[in-house]
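Visitor: I have a structure to study and would like to ask about a few parts of it. May I show it to you?

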Amino acid sequence: MLELRGASYRYAGYAKEVLHDVDLRLDDGEIVGLVGPNEAGKSTLCLVASGLAPASIGGTLRGTLTIDGVEAAGLATHELAERVVVGFQNPNTQRSGIAATVFEEVALGPMNLGLPVEETVERTREAIARLKLEPIVRRDPQRLSGGQSQLVGIAALLAMRPRHVILDEPTAQLDPAGTRLVGEALRALAGMGTSLLVAEHKTDLLDGLCTRVVAIDGGRIVRDGPAREILDDPALAELGVEPPARARLSRALAGLGVDAELVAATAATEAGS
Amino acid sequence: MTEAPTGTSVAVEGLVHVYPGGTRALDGVDLAIAPGEGVAIVGQNGSGKSTLVRHLNGLLRPTSGRVLVAGTDAAGRRVAHLAATVGLAFQDPDRQIFARTVRAEVSFGPRNLGRRGTKLERAVDAALDATGLVADAEANPYDLGYSRRKLLALASVLAMETPVIVLDEPTTGQDARGVARVEQIVASLAAAGRTVIAISHDMRFAAESFGRIVVMRDGRIVADGSPAEVFAEPAWPTLASTFLEPPLAARIGARLLLGSTPTEASLVTAVTGSV
């Protein structure tokens, strides 16, 4: 379990806090969606929940981050990295810059955990297969498209099989197929007991993936509840969050005799299947 | 944007592009876009969409085949010259942004095209207004969040008032208000008769905002038509072959046997007519 209590955060060199009194709990095996308008504090919350802020980037945190019962403030950077893995919006921030191939890039994560070679290779292969990256395993990680880099970054993270994962817009640059692969990979990770926080504008992805959704605005958590309840709330649009197509069409068609279940079932299945 | 010229035509014929290293990103593309047409280009990552549009303003040159802008072969024209006709907003705004203030950034393009005085001011103000960046005019671009930097990259292209505007993934990273803003900009450009081409992974945006959709796979065009044609049920296997899915509205319309309903409004209309 990962838990933030009364967390308020101020970036180094800034006068004001940008995160205010946040309580957030991620249970093991749970996927929590994080939504909010641009500049609401989603990325900051990701940094704070992963412990990177303040441990790596400085700034001032009030309140506590507890990971599996241990307070993060007392952990060394490498101890923190073993417990929580974070994926950024821009995959270029993530890339090691030292790997010659995509395979090596993905293998760096488990290698850094000090795992034996056989296990590193096995985990790397599995992560690559899950995200269908076999065609590009020998490519130079510096010379990939935005979408491919993003998938490689997520494969590297999967190979670490972390206990807790914090993702900031993991599918921003992905096509619909890549987005679906990431969704399936995250679900599999949760099935192994990993807890996940996923910040996304794509509420269509969160709709089928999350058990719970948290909405943030102005650095404060303004909603926290079961995914359906939050995503179906018309107030979400007022917040500047695009509702999932399923919720929007359910509402538009409700008065016309089309059952919400039909809309939900159509949204949940692939076209033509 | 009112004084801007109306759209002009762009076309590619037999376009092939092979990157150094051998990747054949475009494998024989024929596409003719009429003046004032709105076209969304869709397809999976790596299908050649960005490579294609970079030929339109001369950033890339064909390995073979031709690029025609306003009916003239682009081969003999320099990028600076083509840039006056075709404006391109990159997917990653940080490849584009370099000035110290938002206003300076947006002014750079039109100034380069020789605009001065009130004409320059008006173009810049209109672009800042359309993108909602008026209040940020004196800010440093790098103090803006990603979504606003992306809108800034769009504003810089709008301010050049080119007859053709190309947008690479304009809605990525935008929240609901940002997406609505981009949709509004596309609609007003279309209303002004400008040619608008957008690359997108967002099928809903493509269907709602564009009259024509071009589907790419492995460097070729595999479907080309109106949203109703491209997202009609018989075309789904073609879409699936490039890992795309029609918008939810189209899938619900097909399930209810209402024909092709690519947009949410067309679905509501079809359902209303059937009860």
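Visitor: Leaving aside neighbours within four places in sequence, which residues is A:Ala49 in contact with?
Guide: This is a predicted model. In it, A:Ala49 is in contact with A:Leu2, A:Leu4, A:Leu24, A:Leu65, A:Ile166 and A:Leu197, once neighbours within four places in sequence are set aside.

Visitor: And what about the core, which residues have the most contacts inside it?
Guide: The largest nonpolar core has 159 residues. Among those with the most contacts inside it are A:Val48, A:Ala49, A:Leu197 and B:Val215.

Visitor: Where does the largest share of this core come from?
Guide: Helix H7(A) gives the largest share, eight residues. The core also draws at least three residues from each of domain 1 and domain 2 of chain A.

Visitor: Is H7(A) largely enclosed or open?
Guide: H7(A) is largely enclosed by the rest of the structure, because 13 of its 14 residues are buried. The helix covers residues 146-159 of chain A and reaches 20 Å from its first C-alpha to its last. Just after H7(A), A:Arg161 takes a positive phi of about 40 degrees.

Visitor: New topic: in what order do the strands of the open sheet in chain A come?
Guide: The order is S2-S1-S4-S5, with antiparallel pairing. Strands S2 and S5 of chain A each have a single partner strand, so one side of each is left without a neighbour in the sheet.

Visitor: Which helix packs on that sheet?
Guide: Helix H1 of chain A, residues 42-49, packs on the sheet and touches S1, S2 and S4. The direction of H1 makes about 120 degrees with that of S1(A).

Visitor: How many bridges join S1 to S2(A)?
Guide: Five bridges join these antiparallel strands. A:Ala7 stands opposite A:Val22 in S2(A).

How values were computed. Residues numbered from 1 in each chain as written. Chains lettered and ligands numbered in written order. Predicted model: local features only at pLDDT ≥ 70, side-chain atom pairs only at ≥ 80, totals over all residues. Pairing = 2+ DSSP bridges. Helix = DSSP H or I, 4+ residues; strand = E, 2+ residues; numbered from the N terminus. Contact = placed C-beta atoms within 7 Å. Axes fitted to C-alpha atoms, helices over the stretch in contact; angles between N-to-C directions. Expected span 1.5 Å × (residues − 1). Buried ≥ 20, exposed ≤ 12 C-beta atoms within 10 Å, placed from the backbone. Core = buried A, V, L, I, M, F, W, Y, C linked by C-beta atoms within 7 Å. Domains from an automatic or database assignment.
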